[in-house]
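Visitor: Please walk me through this chain and tell me what stands behind each term.

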Amino acid sequence: MFLKAQQWTFKGVSKSMSSAAGKPMSVAGKFRFGAFEVDLENHELRKHGLRVRLQRKPFQILEMLLCAPGRLVMRSELAQHLWPALHVNFDRSLNTAVNALRQVLGDSHQNPRFIETRSGLGYRFIAPVEELAAQAGRSLTPAAPEQILKIITPTHPEAYGDYLKGRYFYNKLTEDDLHKSVAYFESALLQDRGCALACAGLADTYCMFALLNMLPAREAYPRAKDMALAALRIDPDLGEAHAALAVVKRLFEWDWTGARAEHLRALELSRDCSGARQAYGAYLAAAGKPEEARQEFQRAREIDPLSLAVNVEIAWGFYLAGDFTSAAEQSWRALAMEPKFGAAQYTLGLAYEQMGMTEEAIVELHNARTCAGNQPAVMAALAHVYSTAGKSIEAAETLQALQELSRQRYVSPYWHGIVYAGAGDWESALGSLEKACEERDVWLTWLQVEPRFERLRTHARFRGLCATLSS
């Protein structure tokens with residue numbers, strides 16, 4: 001299975017990487033590492049089940065590295081394989097091809113997750129690799145006593161593919177895409193009732209339903225918890241399942257101790273799971289531990305740098321920590337990846353408001369409303385910034401629109417609390433927050449760190465609400 005004397009033994013057949021005539025040969029097989037799957041026979045690279053374009057030379061480099069995980073592949077070997085008939089300086093071409101591969105993988109030369117450079121010598125693939133063909137589930141990663149690698153081997157590839165599609169749409173964070181994610185997770189379970197990952201995905205999605213006011217907490221909570229517990233019954237050692245239960249405990253049960261225990265268990269089982277890192281970072285941010293949250297968010301981004309959900313979560317964390325300049329900069333990074341990403345436009349608008357850039361904040365929140373639809377959070381943010389900017393007529397009109405929206409769909413009293421806080425109507429703001437507390441609204445978990453409630457923190461009723469959340 002491993003490289004010996006410049007040969008790979010694969011599927012019981014030893015194949016030299018070069019034929020007798022010196023022409024490159026491909027090794028047939030499928031591998032998985034991180035969020036990626038590689039089909040060497042069909043020359044395909046996929047991320048979360050979706051095909052990623054990769055040019056021929058970078059793909060050939062990836063092929064050689066995957067077939068020899070943990071081994072230093074010399075630059076001379078790569079040159080012989082990629083340019084067998086040439087006798088010229090290949091250094092620049094090789095560097096270009098490796099850099100192109102790193103860019104597609106979201107890898108870093110300075111802080112590699114996949115490809116380690118040995119200066120002047122060659123490259124080594126350092127991430128865990130799973131072979132999906134023939135001997136599925138067998139790890140190609142050399143054993144390390146300090147690391148236990150849990151391999152998730154799908155017995156139903158179609159179900160696993162639907163799970164990956166569900167995660168893809170979940171991470172887009174729009175109402176339409178979340179409905180698609182539910183459909184794909186449920187499709188995965190129809191094909192494989194033992195797909196614990198799909199159960200965990202549904203738990204996360206129902207939590208997001210509550211966060212986007214697609215369902216009230218009382219309806220989202222039992223669905224989310226049932227799915228998280230179902231995932232754990234199927235696979236008690238699945239990190240994603242423990243992470244899902246941790247989010248349920250924090251958002252719906254306000255069980256901070258239990259949530260922390262589940263988060264730590266999730267990271268113990270799946271320390272390189274971006275979603276688990278992101279979820280724990282959100283917990284730490286809500287708990288008022290910004291530096292620890294920042295470390296978890298950074299690790300999540302290192303694992304999956306192209307995740308929109310992770311990148312906007314980092315911006316939200318900066319906002320909660322009062323680092324509004326960094327929140328704005330991080331929001332722009334997310335928007336550089338997806339210009340119509342409503343969640344990033346929302347965090348950008350919030351950051352601008354706190355920076356005193358009210359006109360810019362209004363523009364970005366209107367952009368968020370256009371891209372994300374009439375989300376209660378966005379409409380409340382608009383009314384709040386209108387009030388702080390002294391635009392009382394626009395604030396009243398937006399509040400009226402929010403009230404009209406509440407007759408068509410669920411709108412948490414929490415968002416009315418945001419609006420009244422912006423207008424300086426403390427009595428109405430506290431009344432709305434107390435009503436949200438009665439409804440066990442999930443957004444209250446950020447009550448103690450939400451900057452828009454800064455001027456309410458000295459009120460006894462506000463402190464009472466915070467005590468209820470932490471008891």
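**Helices, faces and packing**

Guide: The chain has 20 helices and ten strands. Helices (H or I, at least four residues) and strands (E, at least two) are DSSP runs, numbered from the N terminus. The model is predicted, so local features need pLDDT of at least 70, side-chain atom pairs count only at pLDDT 80 or more, and totals for chains, interfaces and linings use all residues. Residues are numbered from 1 along each chain as its sequence is written, and side-chain values use heavy atoms, without hydrogens and water.

Visitor: Which residues of helix 5 are called buried?

Guide: Buried means under 20% relative accessible area, exposed over 50%, partly exposed in between (1.4 Å probe, protein chains only). Asp177, Leu178, Ser181, Val182, Phe185, Ala188 and Leu189 are buried. They fall within an arc of 150° seen down the axis, so they line one face of helix 5. The arc is taken from the directions from the helix axis to the C-beta atoms. Asp176 and Leu190 are exposed, on the face turned away from the buried side.

Visitor: What makes helix 7 and helix 8 roughly antiparallel?

Guide: Their packing angle is about 155°. Angles run from 0 to 180 degrees between N-to-C directions, with axes fitted to C-alpha atoms, for helices over the stretch in contact (heavy atoms within 4.5 Å). Under 35 degrees counts as roughly parallel, over 145 as roughly antiparallel, 65 to 115 as roughly perpendicular and the rest as oblique. Helix 7 and helix 8 are therefore roughly antiparallel.
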